[in-house]
Amino acid sequence: MNHTSIPSELGDAIADADLPADAIASNRRLGTDLAATTNLTQINQMSLQAKVAGPSTRTVTITVDNGVLDWRCTCSRKLTKPCKHVVAVAQYVKRDRFSGS
Ligand SMILES: [Zn+2]
């Protein structure tokens, strides 16, 4: 099986958070492009991890705990807004949910 489906509760929480809307415009644009090079590497009921390929491959982790969404990326420890990699994963999740698998 190639396609690993994202649990709907997790997918909904990520979509509802609308992370791309919080990113700066350039990261929103770059991240949308990077969605095509995103691969999910780990999925649990309320968390996922994905690798985003680019000049360097980065790992994004998104977790939902008691309805609170948390995200991090290996490109920086001090992110205050979603980086392009986080945007990429959010867009990937959004596409995955509407692909009607
Ligand atoms: Zn990043």
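**Exercise 1.** Determine which residues of helix H3 (residues 25–34) are buried and how they are placed around the axis.

*Solution.* Counting as buried any residue with 20 or more other C-beta atoms within 10 Å of its own, and as exposed one with 12 or fewer, with C-beta atoms placed from the backbone, one finds Asn27, Gly31 and Leu34 buried in H3. They cover an arc of only 55° around the axis, which puts them on the same side of H3, the arc being that of the directions from the helix axis to the C-beta atoms. The face turned away from this buried side carries the exposed residues Ala25 and Ser26.

The model is a predicted one, in which local features need pLDDT of at least 70 and side-chain atom pairs count only at pLDDT 80 or more, while totals for chains, interfaces and linings use all residues. Residues are numbered from 1 along each chain as its sequence is written.

**Exercise 2.** Describe how H3 and H4 cross, and name the residues that meet.

*Solution.* With axes taken as lines fitted to C-alpha atoms over the stretch in contact, and angles running from 0 to 180 degrees between N-to-C directions, the axes of H3 and H4 come within 7 Å and cross at roughly 50°. The two helices are therefore oblique to each other, since angles under 35 degrees count as roughly parallel, over 145 as roughly antiparallel, 65 to 115 as roughly perpendicular and the rest as oblique. Taking contact as C-beta atoms, placed from the backbone, within 7 Å, Asn27, Arg28, Leu30, Gly31, Thr32 and Leu34 in H3 meet Lys84, His85, Val87, Ala88 and Gln91 in H4.

Definitions and conventions
Helix = DSSP H or I, 4+ residues; strand = E, 2+ residues; numbered from the N terminus. Contact = placed C-beta atoms within 7 Å.
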